[in-house]
Amino acid sequence: MEKNRRLDEGALRRLLEREQSGPEAVVLRLAWLQGLTREEIAALTWDQVSFLDGRLELPDRMVPLDGEVRAFLWKLHEAKEAREEPGDPHVLLSARERKPMRLESVSRIARQALDRGGLRDVRLLDLRYDWIIRCLDRMDWPEAARISGVEVATLQLRFSASAPARKAPKPPPAQLDEFKLWKLLQAERDTAAGLAMWLGWQLGLQAQEMISLTWKQVDFQEGILRLPDRSVSMTSAVRRILEEERRRRKPGEDPHVLLTEQSRKPLDLPRLSRITRTALIRGGLERVTLRDLRRDDGRDAEDERVLQRALERGFVSRGDVSELLGLSKTATYSRLRRLTELGRLVRVGGKYYLPGTVVPPEQHRETVLKYLAQEGFAYRQDIVDLLHIQPKQCTLLLHRMVEEGTLVQIGQKYFLPQREERKVE
């Protein structure tokens, strides 16, 4: 098909309406509505699907969950739980054997489904490309690069003709307004959403710990919550709120601390996410999630360890941080992403540097071109010293600029094209 041509949305919607179950339904939705590659679709596991935070936590990026996909996957997950399948953690399984699918099988079932929908000239990869184009309709290049896993320069090279005029950059993440939060917590103290927010903000409980908490785990005499893996001391405010909630309970009610308002049943993760999200929006904290409220006394100390390691070595990698803090790959990525968004680290490829010690990636090309305009030519080591990046990263940058025609390489020297032409004359 024509490169980066917009797909027929109506035809794809009709196809999804027909494909409501089975592996084909999973593949089509993950490719077209989430932008996953064939390899990512085949490798996706349920622990990478965060229903609470509404995202797919891939090894190298976080992808917001489309509402339709979220509902589809939740229904699929519930069916899996109902069958009490101990089995494979992968989201995509073969219909008969219930085993992970090979890459060629993923392509084959996608091809068959697209043919049935009359989309014979559409490839599986075209579904991802169409998702990227739709992302560029509503966000800037850096944000599209972050959720797609494709570098800005590559996106611009491939999709500039398909993307609209760029919008202003997305503002940095909002800082938590603790005054607004305090007013919201006071207003919601008698609700399940309010209690969950108190447990997250002051005690650092995770969502799963909140919905699993029972009154037997609440020791009012000692002032602690006895969780399966640790004990958490209650603050005086949380203790008072829990005591009030305990007094409101009727005899014989479910022993879980968090119950639904009407049916008085234990909350599940989707319901907890929904009611806390609604409360936060009502309180003027639209960009805050339940996870953002969690107070983690050790997180600041761990951040400082990461920054100190970057100072000592000049940079840190994901592997360094994972080993230093004992985190999983996904948790390490989230930690480094947060530090980057806060401006405490600068990411260049797979390395993270302290601000001021390295030129940010979005300024690499401009800095190199400006240097060559002044100096005439440069060796690779000159650019390494200029940008304060690793030689391998520099080699990749220079190779791309040469391929794009931005630079000309003669031997070990790099020139601007016009300077090299004059040199030849």
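Begin by selecting S148, which touches R61, R128, W131, I132 and L155, leaving aside residues up to four places away in sequence; contact means heavy atoms within 4.5 Å. The model is a predicted one, in which local features need pLDDT of at least 70, side-chain atom pairs count only at pLDDT 80 or more, and totals for chains, interfaces and linings use all residues. Residues are numbered from 1 along each chain as its sequence is written, and side-chain values use heavy atoms, with hydrogens and water left out.

Next, select residues 141–148, which form helix α7 and include S148. Helices (H or I, at least four residues) and strands (E, at least two) are DSSP runs, numbered from the N terminus. Is S148 buried or exposed? S148 counts as buried because its relative accessibility is 3%; buried means under 20% relative accessible area, with a 1.4 Å probe and protein chains only.

Then move to the open sheet of three strands, ordered β10-β12-β11 with antiparallel pairing. Two strands pair if DSSP finds at least two bridges between them. β10 (377–379) and β11 (408–410) stand at the edges with a single partner strand each, so one side of each has no neighbour in the sheet. Select β12 (residues 413–415), which three bridges join to β10. Within this pair, F377 stands opposite F415 of β12.

Finally, select helix α18 (residues 364–375), which packs on the sheet and touches β10 and β12.

Notes
Buried < 20%, exposed > 50% of the residue type's maximum accessible area, 1.4 Å probe, protein only. Axes fitted to C-alpha atoms, helices over the stretch in contact; angles between N-to-C directions.
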